[in-house]
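Hi everyone, thanks for coming along. I'd like to walk you through one model today, so let's get it up on the screen.

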Amino acid sequence: MITTDRMAAVDANAAALGVPRKQLMESSGNAVARAVRDVAEPGARVTIVAGRGNNGGDAFVAARFLEAFEVRVRLLGRTEAISTGIARENWNALQQSEYDATEVRDSRALDLDDPDVVIDAMLGTGVTGALREPEATAAEAINTTDATVVAVDVPSGVDADTGEAASGAVDADHVVTFHDEKPGLADLDAEVRVADIGIPAAAERFVGPGDLRTTARDPHAAKGDSGRVLVIGGGPYTGAPALAAEASLRAGADLAFVSVPQKVFEPIAGYAKDLIVQPYDADRLSPDQVGSLVETATDHDDVVVLGPGLGTADETLEAVEQFLEKFDGRAVVDADALSVVPEIDTDATLVCTPNRHELAEMGGPDVDDLRSATDEIASFAGDLGHVVLAKAKDDVVSDGETTRICRAGTPGMTVGGTGDVLAGLTAAFLATHAPLNAACMAPYVNGRTAERLARGDGLLASDLLDGVSGTLRGEYDD
């Protein structure tokens, strides 16, 4: 099954792969027409009640494949209110071809004309809640007819994710849904058929621009709604925690804190004015700091980035282990902190970001080409009980059940620091998204930003920071 949000992402990914929505609409309309041909004899009267979105566009296409039937198309609203270009193109095709296709500007004037079949194409999977006019009156008219009702993708008024039906929702006899069944259709008292409309499996397998659909900031959000990130790192290295923290801000986090030893406070504090640096009086992270760090992260619901620049001193790894055993929030575990994860019992929600060498050291597959070991990585993630974002030329992301591949990036990303940027991006997305989704979005943003910058071998990790916001805005240069 596939949720409506995920379906929208897959549609966008298919378009990025070269399968445009217009082509998918043609296939969808053909599938609806096939369903009508299965339930009615040639010459039967078919009335299409269409909305102004792509759901209506699917039905406009269907009309062209029903030449053996007596077809009427009724658009609920004005032509200029059709919301997408491809739906409008298909409506115009009906007009130019002189189909019986007319506007219904007042739902009280809707005349179904005693049909044998009604195609409900008013509202698609992206619309939920109570039916409004003109759809409410149209749904009532559909429900009072004796015609066989065929719904496009989902009956209007039914939530495709939950199955919850609004008062007066269309009572369909048949539903033609596309690509995969929607969760809310499982308990409908209707025959549901899933139509293959030509979306390639790669649109689900490979991370693409559709996976970034949910990154836009809520215009009504208050400070803190987009998350606070706490980077615990530094000691032997200073650049890594700073890059991770600033990357989290670039990806939408409201605040970024960096907890580091006092000796590296000044270099990191001077790196960017936007970072809030909180030093502790020690040369490196040790068990003495764990209690206060857990308390801070828990009290403020911080998403933690644990690992950048920490080093591998015994007391530091002991502190990492104790932190993860006590912390029950969300954390991105990177770099030096990764080695302790397989041995600890934690209630925290983790996204682990190993490169291929770190993956092998954790007990995962030891291979040069991660894509050749997706099944092994999935099995490792399942046994680990956490999301794994394994970094290489092609990144592999898995929670043990779902495995995705991110192909974005350039050879120049082998430069030091790009993994720290990735950790910060992951933390920012983890604040507002499910762990697997966050772990897919981050490498795509990181890699796509590098592609857009086109710096070749001269790429610096800090270059990525300035390009992240453009990638999130959808500036996908062809």
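Let's start inside: the largest nonpolar core has 53 residues, and L275, V421, L425 and F429 are the ones that touch the most other members. By a nonpolar core I mean a set of buried Ala, Val, Leu, Ile, Met, Phe, Trp, Tyr and Cys residues joined through side-chain atoms within 4.5 Å. Buried is under 20% relative accessible area, exposed is over 50%, and partly exposed is in between, with a 1.4 Å probe and protein chains only. Among the elements giving two or more residues to this core are β8 (228–232), β14 (387–390), α13 (418–430) and α15 (461–472). The biggest contribution, nine residues, comes from α14. Helices here are DSSP runs of H or I with at least four residues, strands are runs of E with at least two, and both are numbered from the N terminus.

A quick word on the source: this is a predicted model, where local features need pLDDT of at least 70, side-chain atom pairs count only at pLDDT 80 or more, and totals for chains, interfaces and linings use all residues. Residues are numbered from 1 along each chain as its sequence is written, and side-chain values use heavy atoms, with hydrogens and water left out.

Now, how many salt bridges does the structure hold? There are 24, counting a side-chain nitrogen of Lys or Arg within 4 Å of a carboxyl oxygen of Asp or Glu.

Take R228 and D302, whose side chains meet at 2.7 Å, N to O.

Compare D38 and R193, a salt bridge with its closest N and O atoms 2.9 Å apart. Because D38 belongs to helix α2 (residues 21–39) and R193 to strand β7 (residues 191–195), the pair ties together parts 155 residues apart in sequence. Here D38 is exposed, at 55%, while R193 is partly exposed, at 25%.

D100 is in the loop between α4 (85–96) and β3 (101–104), and R74 in strand β2 (residues 70–76). D100 is partly exposed at 36%, whereas R74 is buried at 12%.

Happy to take questions!
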